[in-house]
Amino acid sequence: MKQITQAAGLQQAVREAREKGLTIGLVPTMGALHEGHLSLIERAIGENDMVVVSLFVNPIQFNNKEDLEKYPRTLEADLRLIGTLEGAEAKVVAFAPTVEEMYPDGEPKEQYSFGPVEEVMEGPRRPGHFNGVAVVVRRLFDLSQPTRAYFGEKDYQQIAVIRALLEQIKYPIELVPCPIVRADDGLALSSRNMRLSPEARAIAPVINATLEQAAEMAEYEEVDDVKEWVLDTLATFHEINPQPNGLRFEPEYFEVVDARTLQPIADWSEAGDLGAVGCIAVWLDGVRLIDIVKF
């Protein structure tokens, strides 16, 4: 496995691979890797001749300075994890640049607009977030020139934004959405999970359990009723199940949207060819957790 910290070094490795006619897979990450990330890397290894795994905490996609400061940084552990994967030694290039290497001219000035896809859910609640994502992903695309790029479906809205980005910049890159990987108790794996206290981690799976029940309710309940039930169930969980240290779920939103356009639907019949998706953001123990359920 190659380890590269400079953009020029990555470009050289990519140039050599392209000259040989090799396919390249890109797995963008912010490090603090877990089994979800590893599943993306494994798939990329299986489908490409070379795989670029970026390990870069992108400051411009954080609209909360405290969240940026607390984001876990575990580079050495990340490299060891990647090294355990079959085929990684031969195929993977781990790209771990500094902020100065990614943004040598200072904070980027690029501005993207993705219309309705970014105007719902995460968009208005995290101003500038998707622009920051688009800027860094565009730079990773330019540096790695991938055949395919792999993203996890937990960040469902992010995938829609990247798809819109590819349509705008006309790059011939195959976007590969990959299923959520969950812990045995159902909690969607996330780098932020390691910030949960043991007590909070113990109840965090209630989020997924609630979403799974919502999917069952969708067979006989209206959209608004399902949304209200999910929010109420999480918001009142601590009243029925008192928690130590006053732990409680604080739902930020739960939206039922068309799976392709991400626009809210009021009736199940409004969902298009990909069906409907429920997207949720919940605060627990000072940590913001997101998840989805497909209806």
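The model holds 16 salt bridges, a salt bridge being a side-chain nitrogen of Lys or Arg within 4 Å of a carboxyl oxygen of Asp or Glu. This is a predicted model, in which local features need pLDDT of at least 70, side-chain atom pairs count only at pLDDT 80 or more, and totals for chains, interfaces and linings use all residues. Residues are numbered from 1 along each chain as its sequence is written, and side-chain values use heavy atoms, with hydrogens and water left out.

Select R288 and E122 to begin. Their side chains meet in a salt bridge (2.8 Å, N to O). R288 lies in strand β9 (residues 287–294) and E122 in helix α7 (residues 122–125), 166 residues apart; helices (H or I, at least four residues) and strands (E, at least two) are DSSP runs, numbered from the N terminus. Both R288 and E122 are buried, where buried means under 20% relative accessible area, exposed over 50%, and partly exposed in between (1.4 Å probe, protein chains only).

Next, select E252 and R125. The closest N and O atoms of this salt bridge are 3.8 Å apart. The pair joins strand β7 (residues 250–258), which holds E252, to R125 in helix α7, 127 residues apart. E252 is partly exposed because its relative accessibility is 26%.

Now move to helix α4 (residues 75–83), where D78, L79 and I82 are the buried residues. They sit on the same side of α4, because they cover an arc of only 95° around the axis, taken from the directions from the helix axis to the C-beta atoms. On the other side of α4, select E76 and R80, which are exposed.
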